[in-house]
Amino acid sequence: MGNSVQEKWDEILEFAKHEYNIPNVSFNTWIKDLYIKKVEDNIVYITSDNNNITSNFNYISNKYGIFIKTAIQEMTDIEYDIKFENETDNTNTVKTGVTASKIIHNEGLPLNPDYTFDNFVVSKNNQLAHATALKAAESPGDIYNPLYIYGDSGLGKTHLMQSIGHFILENNPEKKVMFVTSDTFTNELIDSIRKGDASPAAFREKYRNIDVLLIDDIQFIIGKDRTQEEFFYTFNALYEAKKQIVITSDKPPKDFTTLDERWRSRFGWGIIVDLTAPDYETKVAILQKKLDLKQSEGSNIAIDNDVISYMAENINSNIRTLEGALTKVIALAKIQKMPATKELAEYALRDLITPNQKKTITPEFIISVVAEHFHFSPNDILSSKRDKAIAIPRQIAMYLSSEYTNSTTSKIGEIFGRDHSTVIHNVGKIADNRTKDIQLDETIKVLINKINPDI
Ligand code: ADP
Ligand code: MG
């Protein structure tokens with residue numbers, strides 16, 4: 001009799017997935033690798049060989065158990081109980097009485113469309129952060145609030161944070177998700193104070209009326225008294241209303257030594273997780289994923305496997321640099337109309353992969369940082385588009401290249417595809433505007449930090 005559940009197991013899981021609209025990433029993370037250990041006394045014992053799953057049985061049972069139980073009943077016509085059981089025989093039995101919601105249409109927000117859970121490569125160095133972020137996304141405001149993600153630059157904090165936003169919008173389209181960077185938050189506050197709003201009511205109202213706050217790079221707020229105060233005001237209001245807060249930072253809360261302990265401890269009220277540098281296999285998987293994405297966006301470029309290994313072996317700094325390297329190799333292959341071989345990669349990456357040398361800041365690196373900061377692609381920065389939204393980031397990138405790299409203005413001009421006098425003009429303009437425009441100055445300071453926090 002137990003056989004039929006076992007035989008139909010794959011179908012049962014598929015049925016549960018479709019009937020209850022279980023998102024792909026949730027299905028792949030929690031459910032796909034479940035299997036039946038035994039069927040006894042009308043109980044289906046479910047287990048898995050995957051550690052990430054067995055250590056989350058409690059969660060999986062509460063969140064998805066009822067779907068699996070119902071699916072078993074639908075597919076076999078028998079009402080089994082189910083138990084999740086790992087090797088140490090800890091069982092979690094399923095409670096009943098849950099209904100699944102249907103997917104409605106989601107609204108557009110300035111999230112990077114590529115920063116989804118589906119595009120996030122999970123590995124040892126980010127597994128806990130990924131599982132935690134997914135749980136927060138599945139039950140916003142409920143289990144992990146606030147969720148605090150920290151790690152060095154370029155290791156996927158923003159990507160993971162935005163994945164939560166995408167996930168919530170896809171599955172609960174009625175939710176209001178707000179993604180802000182610390183400098184947007186600061187600038188909006190400055191703006192509302194400048195408008196004579198002594199207690200910035202409109203500002204507060206805006207932030208109080210959301211369901212999910214994703215605030216990126218909190219380190220740029222800490223230490224700025226007024227902004228910090230306003231942030232914690234918002235934090236408290238949202239926290240009390242049980243709204244999900246997700247925070248990223250380059251360091252753990254305990255390292256904010258200038259921050260009052262009473263504030264610092266708030267960051268730890270939910271859960272704190274970190275992202276660490278990827279190992280070789282992860283780097284290869286990420287490069288492959290990025291290549292797939294580029295190919296699905298219409299770029300028909302073939303890259304030898306040894307080029308991928310070469311990059312993964314030699315680039316240790318961070319994933320952003322790794323991705324920049326891939327873009328550079330593809331760009332050179334296109335320009336030279338040559339296949340992307342290892343020789344070509346060695347040539348394209350000669351500045352980046354210099355053994356035993358400290359990382360040098362290049363205009364290309366600055367372009368990638370600036371592009372990402374303003375949610376453009378490096379190609380947009382280099383394009384001939386002239387609208388203000390892109391022209392200013394381009395000028396800022398020129399300015400930073402001139403200030404923080406060893407490149408001459410002619411070289412910078414070459415890289416940006418502009419003549420040398422345009423570069424000089426733009427650099428001067430930004431330098432001058434910076435002294436008058438405090439928001440611009442703020443943004444530039446953040447970018448300098450992103451380029452090289454040691455400066
Ligand atoms: P951070 O915010 O920590 O500085 P980002 O989230 O901006 O880093 O990530 C930098 C780049 O690396 C992004 O393009 C992102 O998509 C990519 N990336 C980071 N981690 C992963 C991962 N695990 N899988 C796929 N891409 C990743
Ligand atoms: Mg980031």
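Tyr207 is buried, with a relative accessible area of 0%, where buried means under 20% on a 1.4 Å probe with protein chains only. Phe185 is buried too, also at 0%. This is a predicted model, in which local features need pLDDT of at least 70 and side-chain atom pairs count only at pLDDT 80 or more, while totals for chains, interfaces and linings use all residues. Residues are numbered from 1 along each chain as its sequence is written, ligands are numbered from 1 in the order in which they are written, and side-chain values use heavy atoms, leaving out hydrogens and water.

**Aromatic rings**

- The structure holds 20 aromatic pairs, counted when the ring centres of Phe, Tyr or Trp (its six-membered ring) lie within 6.5 Å.
- In one of them, the rings of Phe185 and Tyr207 have centres 5.1 Å apart and planes at 70 degrees, so the pair is edge-to-face (planes over 60 degrees apart; under 30 counts as stacked and the rest as tilted).
- Phe185 belongs to helix 8 (residues 182-194) and Tyr207 to helix 9 (residues 201-208), so their pair ties together parts that are 22 residues apart in sequence; helices here are DSSP runs of H or I with at least four residues, and strands are runs of E with at least two.
- Ring pairs link a cluster whose members include Phe185, Tyr207, Phe231, Trp263 and Trp269.

**Charges over rings**

- The charged end of Arg204 sits over the ring of Tyr233, 3.6 Å from its centre; this calls for NZ of Lys or CZ of Arg within 6 Å of the ring centre and within 35 degrees of the ring normal.
- Arg350 lies over the face of Tyr347, at 4.1 Å from the ring centre.

- Strand 7 (residues 212-216) is mostly covered, with five of its five residues buried.
- Val212, Leu214 and Asp216 are buried on one side, and Leu213 and Ile215 on the other.
- Strand 7 pairs in the parallel sense with strand 6 (residues 177-181) over five bridges, and a pairing needs at least two DSSP bridges.
- Val177 stands opposite Val212.
- Strand 8 (residues 244-249) also pairs with strand 7 in the parallel sense, over four bridges, and Leu213 stands opposite Ile245.

**Ligand 1**

- Ligand 1 is surrounded by 19 residues, and the closest are Gly154, Thr158, His159, Lys290 and Glu323; a residue counts if one of its heavy atoms lies within 4 Å.
- An oxygen atom of ligand 1 is 2.6 Å from a polar backbone atom of Gly154.
- For the side chain of Glu323, an oxygen atom of ligand 1 is 2.4 Å from an N or O atom.

Key: Buried means under 20% relative accessible area, exposed over 50%, partly exposed in between (1.4 Å probe, protein chains only). A polar contact is a pair of N or O atoms within 3.5 Å; within protein, one must be able to donate a hydrogen and the other to accept it, and residues adjacent in sequence count only if both atoms are side-chain atoms.
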